[in-house]
Amino acid sequence: MFLNTVLVVLTNLAARVLGNKVFRKHFHLLLSVLVMFGPALSLWVSPHSIFAKRSHFLYRMFLRSGWGWTCIFVGSFIFLLSFSIRRSLSLSLRHLSRLGLAGGLWLSFCKLLDLLENATGSCYEPLTSGLEVTNGQPLLVLREDETKSECLKAGMLWRGYEVSEDVFLLCLCCLLLAEEMAVFGPYLSFGGISDGPLRILFLFCVILLGLWIFLLLCLLAYFPQFPTQLLGGALGCLSWRGLYQGWYRLGPTWYCPGRPGQGLLNSKSCSTGPGEAQVNHDHSS
């Protein structure tokens with residue numbers, strides 16, 4: 001009973017925060033500020049911290065599989081919420097298709113970024129003769145007619161036009177989580193069934209959102225790379241705006257899944273005006 005009370009209090013509080021209009025309107029601005037000024041934290045963090053190692057458990061376990069973790073928890077939450085309301089498999093799949101579209105966009109951008117790096121990059125071989133420049137880095141000799149895969153396989157360095165895919169992914173996942181979870185507050189206010197499994201999934205999504213923000217701060221503080229991280233964050237925000245603030249606002253059609261919560265809670269209230277507007281996420285641009 002005590003654990004259930006704690007679960008209800010925590011999920012109600014998180015749902016109220018995530019469903020707040022001010023939070024939804026300004027969360028992307030918060031991420032933008034983090035990406036822009038987060039590298040300044042490198043002046044205060046210790047280079048000997050456990051988070052300063054790329055081999056850390058959190059980086060290996062979560063960052064490399066960030067999209068998979070997001071799909072598992074958010075997809076489960078979307079399906080359970082939509083199916084518990086309407087008992088319609090087709091409607092649940094339509095809402096799940098937002099994750100598929102976002103994943104397709106992410107993969108397409110990653111492929112384009114990889115092609116861009118291959119097209120603009122060059123292969124460099126570090127000299128092993130002991131000659132070093134003044135900053136302690138080895139001298140590099142340009143190797144022509146080498147592809148990126150061949151260059152890295154030979155143990156050499158590839159330098160090209162890069163955009164941080166890690167920051168891109170984390171920003172996109174944070175914004176996606178905030179959008180998809182914001183519907184839980186209106187769902188509770190309409191008297192929706194709030195049993196344990198749904199609340200636990202929602203709490204896991206909240207924890208995952210906090211973890212992505214923490215990992216984003218770690219990347220910016222311990223591995224600052226300007227302007228590649230800034231470009232990655234901008235691309236993540238642009239992807240979110242194009243999907244949730246653009247395409248999904250067209251409404252549910254054969255080519256558009258609609259916004260989170262759209263078409264789910266109409267029958268939960270006698271009046272669908274204000275509630276429908278809240279659930280449909282009428283964000284201010």
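How much space lies in the second largest cavity? The legends below take up this question and then turn to a helix.

**View 1. The second largest cavity of the predicted model.** About 60 Å³ of space lies in the second largest cavity, and a search of the whole structure finds three cavities of 30 Å³ or more. A cavity is a set of points, on a 1 Å grid over the protein atoms alone, where a 1.4 Å probe fits but cannot get out, and its lining residues have an atom within 4 Å of a point. The volume is the space filled by probe spheres set on the points, which are joined across faces, edges and corners.

**View 2. The lining of the second largest cavity.** Helix α4 (66–86) and helix α5 (89–120) each supply at least two lining residues, and the largest share, four residues, comes from α4. Among the lining residues are F77, H95, R98 and E180. Helices here are DSSP runs (H or I, at least four residues), numbered from the N terminus.

**Notes.** This is a predicted model, in which local features need pLDDT of at least 70, side-chain atom pairs count only at pLDDT 80 or more, and totals for chains, interfaces and linings use all residues. Residues are numbered from 1 along each chain as its sequence is written, and side-chain values use heavy atoms, with hydrogens and water left out.

Key. 1 Å grid on protein atoms, 1.4 Å probe; cavity = no way out; pocket = protein on both sides within 12 Å on 5 of 7 lines; lining within 4 Å.
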